[in-house]
Amino acid sequence: FPFPYTPYLIQERFMAALYSALEAGRVGIFESPTGTGKSLSLICGALSWLRDFEEKKQQEEARLLALEGSGQEGKKRPTSAEPGRPDSNGTAGEPDWVTAFVQRKEERDMVARLKEEQIRRKKQEDRLEKIRHNVQLKYAAKRKRSEEDETKRLLQLSKEVLSEGAGVDVLEQLDHNEEELILAEYESDEEKKMVSGLEDDDDDLEEEHVTKIYYCSRTHSQLSQFVREVQKSPFGKDTRLVSLGSRQNLCVNEEVRGLGALQLINDRCMEMQKNKHEKKSDEEMEGKKRRVSRTVCPFYSYEQMQFLRDEILVEVKDIEQLVALGRETKACPYYGSRYAIPAAQLVVLPYQMLLHEPTRSAAGIKLKDQVVIIDEAHNLIDTITCIHSVEVSGSQLCCAHSQLLQYMERYRKRLKAKNLMYIKQILYLLERFVAMLGGNVNQNPSCQAVSQTGTVLKSINDFLFQSQIDNINLFKVQRYCEKSLISRKLFGFVERYGGPATAVKTNKDNQKLAGLQNFLLTLQQGSDKAGDPPVEAENDQLRTASPLMQIEGFLSALTNANQDGRVILNRQGTVGQSSLKFLLLNPAVHFAKVVEECRAVIIAGGTMQPVADFREQLLTCAGVDPARVVEFSCGHVIPPENILPIILCSGPSNQQLEFTYETRDLPQMMDETGRILCNLCNVVPGGVVCFFPSYEYEKQVFAHWEKTGLLARLAAKKKIFREPKKANQVDQVLVEYAKCIKRCSQAGGQMTGALLLSVVGGKMSEGINFSDDLGRCVIMVGMPYPNIKSPELQEKMTWLDKTMPRAAGQAPSRVLIENLCMKAVNQSIGRAIRHQKDFASILLLDHRYARPAVFNKLPQWIRERTQVKPAFGSAFAELRKVRTCILCTA
């Protein structure tokens, strides 16, 4: 394998296992700890396979073309008929001459296709080579763009000069401008009638897709980091790579970006494209009726996007570089990157985009016979569940009903029958949803108290029957919402007439809108009086985005199969605070298509243990043959002496450590935890990170230590930092924590570093590097089991017990709880060791970690070095020994 430096032995093993999994078309679960060069192993292993695969394919093509050239293609495949018997029949009961003719025709067609493909590939390679080496082409393209911009500017000026003398009434202009709020005529059965109007320009997406690798990760920063690794790798110069992202990340039109919410950006972008396609017909009608011109996106230029596509394929670029290039070339990076997909060899994208089928097809991603690598996949099941679960509040339902009713009243005379029919259906659905929460759509949701509070779970069918909407075809309603862009029209309508600051003309039509304004005002005032922060935040959100957008997602979720999900009715306080939530129970139904279509799927991560969840809940349920699944796990590159994992069963005063819900609140348990920390802070240099099961427990322990004086003892050795609940404060705390450790290591003295009190599953348990002095010791207080009383978790457990077989005598629900706990533990303790020369100790404070079922779920590289210590004395002696070794090497 080509590699930028001499690879570790485990990297060679990883690449070999990856290569064979791709070659055999397997579904692989790959685990390689952080700090072992996983990204580079994935790049070099996968792209080596792709290079060899393309070479074999080209050799096969050359062989077929050579056969055709020598006139031997018909001899290549013998027929099943016996020689010398012209009337003998083939396998399908046809004469042999018919079979032979069909075979020869297929071969001729294949050769013709290969020739066409070769010509197209040669043209593309020549074009990219020209762009790569001919700087003059770039300057010519820039000059052409400048000339076009100047021409447009002059045309605009001349139009403005002409319109100045036209004396058009301002009020009349407003009326004409309102045309864009009217829904276009809709025919539900005409599938070809695409409202988005993208068909004409989407021919390019029909270009044949070359064999490629789709690489997915969780965040854009992780993807950018991966692209930078590709740039540094031996494949960085000649790999055609494209980075995909949402419009929120790639849009370069400042007016659209300013909308903020992703759904608004998406809808505004689609509307501007529609305006571009309708511009021609508007110009034809200009003689009959003057219209105010609609906004079209200046970056949506087919020619410029083709130029951008070629620039993307010429050189590896991350999202930031792509956006900068889009601004420079005045071309849309969102669509330019989409046009580059067919010819790309490596497509880098967030995994939400790949796992959600409508988003996947909208982006032009075709998975047939391709390779998918999902990195950072430790929470893949949760991600699929979250993508396809959706929640709507009573406030959103009432607000959407009021907005839509006002919209229908205002434009009733302008709307066609089909539009009115669907709007009435949506209004009825909203009315019934609010009724299920115990409310009435015609009253302020913040003032309607709910009589029966609590949480109720229902199957999809039961919910549809009880809400009396089982007679409505939700598939058709969903398709109508998508094609008509009704939420976008409604948002434009509310934007214009819904705000109290907006000046509205005082004619009869506009007076009808007073109800909408009053309703929105009472919504706002009602939440202010209540003084409940969550509701205020929710209403802020309502004012920035149409609630119908969120409700469309809920309607879509209700089209899932009955057994795969549940509807949760959460009735709390008022109707406005209550909510309806769709919970997906079976993530495999949405993963099955990915696994079926792809040639190979690789699920990779730094900490994948325990992997039973992936095998059972995701792959087996998706119908994957167990023989197709391959698992690979490698150790760490650090020497064995660089890590000291200890399971501690009791504290300094021989108090057994068992942090169950019943015992963890006892004063003696909190005191014992404090004593352990005091002893550790005396011998561990630099930073100590202590993970608690929840924010509530951390707060409780901190208050107890403050009261008993233990906190002051701790603070004498380490400055204490606490994980903030607000995400925007995390970076500040980490910077201060790092500064304190650095200051203490340089100054010496009594203060030896810092202690960070953190939370499992919080902001610092994933994605944060506590490398070197930032994390010389990681402590896990108790076992962070999930809240078993959660209705969602209880429903998931019930569903698993009904659908999954028992594993090693354990109920699937029990296995789930243990796996969720250990996944969280493994993520947290993996924060300490981040590179080859790093070292740290890991303390698991609970005797239950020593149980075989739990112990075996630790990552292999930690498990094989873990010591179980029944008493604190021997554990403390090991830690002192490590400190002595560190001081000696220093």
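How many residues does helix H20 have, and how far does it reach from its first C-alpha to its last? In this predicted model, helix H20 spans residues 486–497, has 12 residues and reaches 16 Å, which is close to the 16 Å expected at 1.5 Å a residue. The points below take up the covering of this helix, then a pair of helices in contact, and then the nonpolar cores.

**Helix H20**
- Helix H20 is mostly covered, since 10 of its 12 residues are buried.

**Helices H15 and H26**
- The axes of helix H15 (residues 380–387) and helix H26 (residues 612–620) come within 10 Å and cross at roughly 35 degrees.
- On the H15 side the contact is made by Leu380, Ile381 and Ile384, which meet Asp613, Phe614, Gln617 and Leu618 in H26.
- The residues of this contact divide into 5 nonpolar, 1 polar and 1 charged.

- In soluble globular proteins, nonpolar side chains tend to be buried together.
- The largest nonpolar core here has 117 residues, and those with the most contacts inside it are Leu380, Ile423, Phe433, Phe463, Phe554 and Phe591.
- Helix H17 (residues 417–436) gives the most to this core, with 10 residues.
- Leaving aside its neighbours within four places in sequence, Leu380 is in contact with Leu355, Ile374, Phe591, Ile603, Phe614 and Leu618.

Notes: Residues are numbered from 1 along each chain as its sequence is written. This is a predicted model: local features need pLDDT of at least 70, side-chain atom pairs count only at pLDDT 80 or more; totals for chains, interfaces and linings use all residues. Side-chain values use heavy atoms; hydrogens and water are left out. Helices (H or I, at least four residues) and strands (E, at least two) are DSSP runs, numbered from the N terminus. The expected span of a helix is 1.5 Å times one less than its number of residues. Buried means under 20% relative accessible area, exposed over 50%, partly exposed in between (1.4 Å probe, protein chains only). Axes are lines fitted to C-alpha atoms, for helices over the stretch in contact, and angles run from 0 to 180 degrees between N-to-C directions. Contact means heavy atoms within 4.5 Å. Ala, Val, Leu, Ile, Met, Phe, Trp, Tyr, Cys and Pro count as nonpolar, Asp, Glu, Lys and Arg as charged, and the others, Gly among them, as polar. A nonpolar core is a set of buried Ala, Val, Leu, Ile, Met, Phe, Trp, Tyr and Cys residues joined through side-chain atoms within 4.5 Å.
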